Amino acid sequence: MSATSTILKLPPLESGDRLTRYEFERRYQAMPSIKKAELIEGVVYVASPVRATRHGRPHADIIGCLFVYKVATPGVDLQDNATVRLDVDNEVQPDALLRLEAGGTSGISDDDYIEGVPELIAEVAASSASYDLNDKLNAYRRNGVKEYLVWQSYENRLDWFRLREGEYIALDPDEKGIIRSEVFPGLWLSVTALERGDLAEVLGVLQQGLQTSEHQAFAASLRS
C-alpha cells in the first residue's frame, strides 16, 4: 500500500478531536502541512498562524534569556517547540523548556522525542483565556512540572508558577521586580524590564544571577 493511500484513509487532525496519544501521533505524522498541534487532556489543539508582535517577538525574547542561561550552565538542556510526551493524554509542544540532561525527570526517546516531565516550561499565551492558563496548566501541574512561566502578550503580563504540594503558586517579583527560579539557581528574570521591553536590563539582571555563588554551586554539581 502506498504512503499516499494510507494518508487518504486517515481522518484529518482537527481541533476538538478527542484522541488517544497513539492516534494523535499517527494523524499528526500523516499531515506534514501542520506545523504545531498538541494533545491536551485527550483533546486536539491545532495552532493558528503565529502573529509577530503577540507571539513571535515575546517568544524570541524568552528563548534569548533561556539560551544565555543554558550557555552558562552546562548540563541544562534548552528546547524550542519540541514535542513532549507527558502522559497518555498529553503530548505538547511548549514554546520553550529547560530540562536537566542527567538526573532529571525527562529523557529523549529512541525516536527523538522528549518523554517525561521537563523541570521548567515557558509558554506565550494570547490572554488569560488561553488554554495555556487552563487545561494545559492543569496537565503540567498534575504531571509535576516544577516551574511554569506564562507570558500573556495582550495583557503584557508574565506569571511564574512554582509547584508546591501539588498546586501552582505564583511567584511574586521582589522589590526590584525580579523573580528568581527556585529550580534553576541563577535564573533571574526582571519582569518589569521584560514587560517594558528593556532587554538590556533583562540580560544585565540575568548576568547578576549567573555570577552568584548559588549558580556556581549548581553548575559545579551538574559537572560532577
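**Rings, sheet and helices**

Tyr140, Tyr148, Phe161 and Tyr168 are linked into a cluster by ring pairs, where rings of Phe, Tyr and Trp (its six-membered ring) pair if their centres lie within 6.5 Å, and planes under 30 degrees apart count as stacked, over 60 as edge-to-face and the rest as tilted. This is a predicted model, in which local features need pLDDT of at least 70 and side-chain atom pairs count only at pLDDT 80 or more, while totals for chains, interfaces and linings use all residues. Residues are numbered from 1 along each chain as its sequence is written, and side-chain values use heavy atoms, with hydrogens and water left out.

The rings of Phe184 and Phe218 pair edge-to-face, because their centres are 6.2 Å apart and their planes stand at 80°. Phe184 lies in the loop between strand S13 (178-180) and strand S14 (188-190) and Phe218 in helix H7, so this pair ties together parts that are 34 residues apart in sequence; helices (H or I, at least four residues) and strands (E, at least two) are DSSP runs, numbered from the N terminus. Both Phe184 and Phe218 are buried, meaning under 20% relative accessible area, with exposed over 50% and partly exposed in between (1.4 Å probe, protein chains only).

In helix H7 (residues 213-223), the buried residues are His215, Phe218 and Ala219. They pack against H3, S3, S6 and helix H6 (199-210), contact being heavy atoms within 4.5 Å.

Six strands form an open sheet of mixed pairing, in the order S3-S6-S9-S10-S11-S12, and two strands pair if DSSP finds at least two bridges between them.
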